[in-house]
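Please read these points with the sequence and the model open beside you. They take a few residues in turn.

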Amino acid sequence: MRGRDRINQIQILPDEIIIEIFRQLESKSSRDVCALVCKRWLRLERLSRLTLRIGASGCPDALVRLLARRFVNVRNVFIDERLSISLPVQLGRRRGTDHSVISSLSIHSLAETNGSENSETESYCLSDAGLTAVAAGFTKLENLSLVWCSNVTHVGLRSIAERCMSLKSLDLQGCYVGDQGLAAVGEFSRQLEDLNLRFCEGLTDAGLIKLVAGCGKTLKSISLAACAKVTDTSLETVGSHCKSLESLSLDSEYIHDKGVLAVAQGCRQLKFLKLQCINVTDDALQGVGTCCLSLELLALYSFQIFTDRSLCAIGKGCKQLKSLTLNDCTFLSDKGLEAVAVGCSSLTHLEVNGCHNIGTYGLESIARSCTHLSELALLYCQRIGNFALSEIGRGCKFLQALHLVDCASIGDEAICSIARGCCNLKRLHIRRCYEVGNKGIIAVGENCKFLTDLSLRFCDRVGDEALVAIAEGCSLHHLNVSGCHQIGDAGIIAIARGCPELSYLDVSVLQDLGDTAMVELGEGCPLLRDIVLSHCRRITDVGLSHLVNKCTLLETCHMVYCPGITAVGVATVITSCTNMKKVLVEKWKVSPRTKRRAGSIISYLCVDL
């Protein structure tokens, strides 16, 4: 049957079926191709679009109006003005403009424009007029994200609140909408469930209180950060109105025990709590342990004044806790971690970062009690040694991810125990653990057959022998061996021959790596998409050419400080890899012709060196 006959058969299908087929397509490029078949498919493809992701274009207000006319069924709009490209979007009526405008969201980099006046700068930012166009065009809107849209005020936000009555999620990160805007949201958005107010510096208690009073009954998630004028008074209102609140994230030096206690006592369904509040003490955390019995995730950052008493309360009351993050909590010790281990046996995720008083005994308690632990991260934990990890290997058979950073007391003995005991390990990241060498990594290769993600950054004792074992036992997708000076061609060649599904590779700062490895990677890893070659002094244009001619799916390539790679090699990368999105290289290695051809995807680390 010819292709035209197949299309004619599909044309018999009703519009609803074709729209549903379009919605099942995973990539935007596939939908764009379908839209080119005929006018009917173009119309139906536009009706099938539910989500738009927009950056700050050259004239964002006009872009939004254009999108609103074409995609009337959109439910989700994400606008992020942090993104950037080299040229602004040109909006016109010429043939082919439709898809170029809506494709991968163009943004002019404000940081790179020189000598522009304020009025010119503002033209690259979404304004109240653009937000009003969003409200008028997308009346079925359910999710709206406005990230760092600094020109939007309460006027535009009021338009959204009045017209988009089905709004459920609102992200205003970095916006200056003020109290009047939040009051309007509280007045009209009675279905609002998720609210992000991180870095909304213009807010005060007055605005947040009005919002919570209006739509507090439906709110399930609130995130606040760097809102200097939001105090405990707002949290008291949250505690009294938001009985269905499930998630709260607070990052503020103006919040005290009073506010956190009010939320804990009023929001008994709280499941996710993240706190970075330097003025919160044990009293607040004890209240959480007493009242929030459904808590599943607790993350505590930079707490300098609370002690094991808090974790004892959490362990005693929060029996459903599954994820615990302790970041720079100076006064916590093994006693507190033991209390959590004994009380919260369902724990599956644990991260300990910079808590210098937590040592081997605390982690042993986790190994004995939390047998379903699936992810463990230990960062800058100098007091945790081999025996603790050995206990994890014996007790936590379901461990799938292990992250170790600057743990000076952990070596091969611990890694061997993890490898033998945790055969389901899928992700292993080790950085600057100088006692880890070939023996431990060889054990991983021999025992962890499901490992797909391996990172061994600056592990000086790991060499080619370890990578040979990994290649023989594991089918890696991601590999990072940056700074492992003992690794050379032999190890990377083994990976190239044993890991055909490799998609990410970082071999930066490998002084003994040369062109032979590049040739083997090209032959053995055709799915490679991202590669980092920076500071590899023996790689030349020859090896790079063999690599990119075979790995045509490459999207990013970093190759700064590679003296053997010249302007010819850079040009070869650009011409061979049509999917390339980013090339990081010294500016003097980019010829005028290459710059004209691919200037928008080339980044420069150093300009004058």
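**Notes on selected residues**

1. The side chain of Ser252 reaches the backbone nitrogen of Tyr254, at 3.0 Å. Please keep in mind that this is a predicted model. Ser252 sits in the loop between β7 (247-251) and α13 (257-266).

2. Is Ser252 buried or exposed? Its relative accessible area is 11%. Because the cut-off for buried is under 20%, Ser252 counts as buried. Leaving aside neighbours within four places in sequence, Ser252 is in contact with Val230, Gln276, Cys277 and Ile278.

3. Asp282 belongs to helix α14, which covers residues 282-291. With a relative accessibility of 5%, Asp282 is also buried.

4. Which side chain makes a polar contact with the side chain of Asp282? That of Ser310 does, at 2.4 Å.

5. How many disulfides does the count come to? The count is zero. For Cys355, the nearest cysteine sulfur is that of Cys329, 4.7 Å away. A disulfide needs two cysteine sulfur atoms within 2.5 Å, so Cys355 is in no disulfide. Cys355 is buried, at a relative accessible area of 0%.

6. Cys499 is likewise in no disulfide. The nearest cysteine sulfur to that of Cys499 belongs to Cys525 and is 7.0 Å away. Cys499 counts as buried because its relative accessibility is 0%.

How values were computed: Residues numbered from 1 in each chain as written. Predicted model: local features only at pLDDT ≥ 70, side-chain atom pairs only at ≥ 80, totals over all residues. Heavy atoms only, no water. Helix = DSSP H or I, 4+ residues; strand = E, 2+ residues; numbered from the N terminus. Buried < 20%, exposed > 50% of the residue type's maximum accessible area, 1.4 Å probe, protein only. Polar contact = N/O pair within 3.5 Å; in protein donor to acceptor, adjacent residues only side chain to side chain. Contact = heavy atoms within 4.5 Å.
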